[in-house]
Amino acid sequence: MVPSGSFTDPEYGAVGMTEDQAAAGHDIAVGVAWYDDLVRPVADGHPEGFCKLIADRRSHAILGAHVLGEYSAETVQVVATAMRAGMKIEQLAEMQFAFPTFTEAVSMAAQKNCRTIGIGRFPPAWSYLGPEE
């Protein structure tokens, strides 16, 4: 459960399994929050990037996270902490993060993941989540 990051351009952060690794042993759901849907990345002029969360559909365990773009290493640490604490994807989706921040992508990706699984109802977020899927 050790997050890693690279301070390249673009920055990258990861923790846990990749999508392929998770799919090999789990029935997975994936949620992606795109930076260009978030206020802070757009306002800072860095709308290129995303936060992807991978969860197990049955247990709702968070299996991995991958973040590309500004503040990726810092953002992925939030997911690493949640994973270490044994939080389920719906618990992460319910977290209220400071607004506007890059880290807001974590809860948005978790909410999209929960929509894919078919669990939870979440209040509207400050930033745009897109149409219900």
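Reader: What makes Val15, Cys51, Leu53, Ile62, Val79, Ile89 and Leu92 stand out in the largest nonpolar core?

Author: Of the 29 residues in that core, these seven touch the most other members. A nonpolar core is a set of buried Ala, Val, Leu, Ile, Met, Phe, Trp, Tyr and Cys residues joined through side-chain atoms within 4.5 Å. Strand S3 (28–34), S4, S5, helix H3 (72–84), helix H4 (89–94) and helix H5 (104–117) each give two or more residues to it, and H5 gives the most, with seven. Helices (H or I, at least four residues) and strands (E, at least two) are DSSP runs, numbered from the N terminus.

Please keep in mind that this is a predicted model: local features need pLDDT of at least 70, side-chain atom pairs count only at pLDDT 80 or more, and totals for chains, interfaces and linings use all residues. Residues are numbered from 1 along each chain as its sequence is written, and side-chain values use heavy atoms, leaving out hydrogens and water.

Reader: Why is strand S5 called largely enclosed?

Author: Six of the seven residues in S5 (residues 62–68) are buried, so the rest of the structure largely encloses this strand. Buried means under 20% relative accessible area, exposed over 50%, partly exposed in between (1.4 Å probe, protein chains only).
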